[in-house]
Amino acid sequence: PNANNLHHNTKIFVFSLPFHFLLRSNRTMTSTPLNAALAAETKANPPKPVEVVRLEYAPLKYVVSKVSLDFKLYTGRTLVESVLTVTDNDLQKGESDVGGEDGLVLDGEEATIKLLELSVDGCEGALVADVDYILKPGKLIIKGDTLRRGGSKNENVMVVRTTVEIVPEDNTQLSGLYKSGDMYCTQCEAEGFRRITYYPDRPDVMATFEQVRVEANAKDFPVLLSNGNLVKEGTCEGGTNGDTRKFAVWSDPFPKPSYLFALVAGDLGCLQDSFTTMSGRNVALRFYSEHKNVSKLSYAVESLKRAMKWDEDTFGLEYDLDLFNVVAVESFNMGAMENKSLNVFNTSCVLADPKTSSDANYFRVEGIIGHEYFHNW
C-alpha cells in the first residue's frame, strides 16, 4: 500500500530495416507546421477540458499494430519521426459499437507538437488538409479512404509517417519528454505520449515498438535508453560545430500501450549485475543513477533479484527479455514508473546506505522495487 500510494501521489532480433532507410512516398511538408493555425487558435482560445465518460467508450476503427520511432535530441529542439503500421480493429469487426470516425484517430497536443511532415505510404502527391486528413484540437485524423487508397498500392499494408518537432526544455508540465537538469526523461502515464508525437494515446491500443532510435550529443548524453533489448549503438554525424553524436537502437517485441513508453538520455553512472532465470537464461541488470549515487544502489539490485525469484517460485513467471534497466535519478518527477523493462524512479525510492538509512528505508526500497517489477505482467 505504501509503495502504491507513493507511486501515484508523490511529486518530486530480427526486424525490418530502420524506417529511415525505407522507401518513402511523397510527404506533405512545408516550412510552416501543418498544425500552425490550429496551434495559434488553441493558444488564443484554450479549449475547455473534455470530460471522458467510461460508459461512452467505443473501440477505434483503426489501430496501430507496429511502431518505429527516431528521436534526434538537440538543445532547444527535438525531432521525432514516427512510422505507424495501421490495421483494421479486427477484434471489433462487425460490431455496431466501433468508434465513430472512419479513419485513424491520433492524439496530439498542437500547443506542444509542431507537425512538420505527414504522409501515407502508397498515396502519391502531398496529402490535402480536410480531404485526406483532418486537424482539430487534440486530434489528427487520417481518413479511412486515404488509408485504404495507400494500402491498396502498398501490398495492402497501411503505413502513416509523421515528423514532429518538440521542445523538451520548455515542457514544464513534466508530462511527455522533458529535460530536467542535465538529462532528458519521459513520463507518459497517463496521457504524456500525445505530447511527444501524434499517436492513438489510449490504453486499449497495444502496439509493438519494433524500433526506437535515440540520437544525441555523445559527450553530454553517453547513456541513451528506451524499452526492450539494445540492438545497436554507435556514433554518427549530425552534430553542430563538428560535435560527435551517439545513437542507440532499442526493440521491444511485446505489445504495450503508449503510456509504458520510456526514454532516458543523460550522463549517468551504472551498477551492473545479472539474474539467471529458472530456464537458465542470463538477464543483464543495469541500474543507472547520478555518478555520486551509484554506491547506494546495491540493495536495490538485490531487491530486484529477490522479486524476480519470488515471481518465478510463486507464479512461474520468468522475466521475458534479455535486459532489465532501472534509472534512479534526483530529477524524476514521480515516485516510480513501471515502464516496460525500463523502470524509472526518483532516488528517494531506491538509494540505501547502511551509514544513513534506517530499517524502514530498506523495507521501502524493497517494496517499491518489487511493486514496479511486478507491473511487468
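Student: Leu 174, is that buried or exposed, or something in between?
Tutor: In this predicted model, Leu 174 is partly exposed, with a relative accessible area of 27%.

Student: And where does Leu 174 sit?
Tutor: Leu 174 is in the loop between β8 (158-166) and β9 (176-180). Its phi is positive, about 55°, although Leu 174 is not a glycine.

Student: Why point that out?
Tutor: Because most residues other than glycine have a negative phi.

Student: OK, what about the phi of Asp 130?
Tutor: That one is near 70°, again a positive value in a residue other than glycine. Asp 130 lies in the loop between β5 (114-120) and β6 (133-136).

Student: Why does Asp 130 count as exposed?
Tutor: Its relative accessibility is 56%, and the cut-off for exposed is over 50%.

Student: Switching to peptide bonds. What's up with the one from Glu 189 to Ala 190?
Tutor: It's cis, with omega near 5°. Most peptide bonds are trans. Ala 190 belongs to the loop between β10 (183-187) and β11 (208-217).

Student: Now the sheet with β16 in it. What's the strand order?
Tutor: It goes β16-β17-β18-β20-β19, five strands in an open sheet with mixed pairing. β16 (269-276) and β19 (336-337) are at the edges with a single partner strand each, so one side of each has no neighbour in the sheet.

Student: How do β16 and β17 pair, parallel or antiparallel?
Tutor: Antiparallel, over eight bridges, with β17 covering residues 282-289. For example, Asp 273 has Leu 285 in β17 as its bridge partner.

Student: Which strands does helix α4 touch?
Tutor: Helix α4 (residues 298-315) packs on the sheet and touches β16, β17 and β18 (323-329). Its direction makes about 25° with that of β16.

Student: And α5, which strands does that lie across?
Tutor: Helix α5 (residues 359-374) lies across β17, β18, β19 and β20 (342-346), and runs at about 150° to β20.

Student: Last one: where's Glu 330?
Tutor: In the loop between β18 and β19. Glu 330 is partly exposed, with a relative accessible area of 41%.

Student: Which residues does Glu 330 touch, leaving out those up to four places away in sequence?
Tutor: Glu 290, Lys 292, Asn 293, Asn 346 and Thr 347.

Student: What kind of contact do the side chains of Glu 330 and Asn 293 make?
Tutor: A polar contact, at 3.4 Å. The two residues are 37 apart in sequence, and 9.6 Å apart in space from C-alpha to C-alpha.

Key. Residues numbered from 1 in each chain as written. Predicted model: local features only at pLDDT ≥ 70, side-chain atom pairs only at ≥ 80, totals over all residues. Heavy atoms only, no water. Pairing = 2+ DSSP bridges. Helix = DSSP H or I, 4+ residues; strand = E, 2+ residues; numbered from the N terminus. Contact = heavy atoms within 4.5 Å. Axes fitted to C-alpha atoms, helices over the stretch in contact; angles between N-to-C directions. Buried < 20%, exposed > 50% of the residue type's maximum accessible area, 1.4 Å probe, protein only. Polar contact = N/O pair within 3.5 Å; in protein donor to acceptor, adjacent residues only side chain to side chain.
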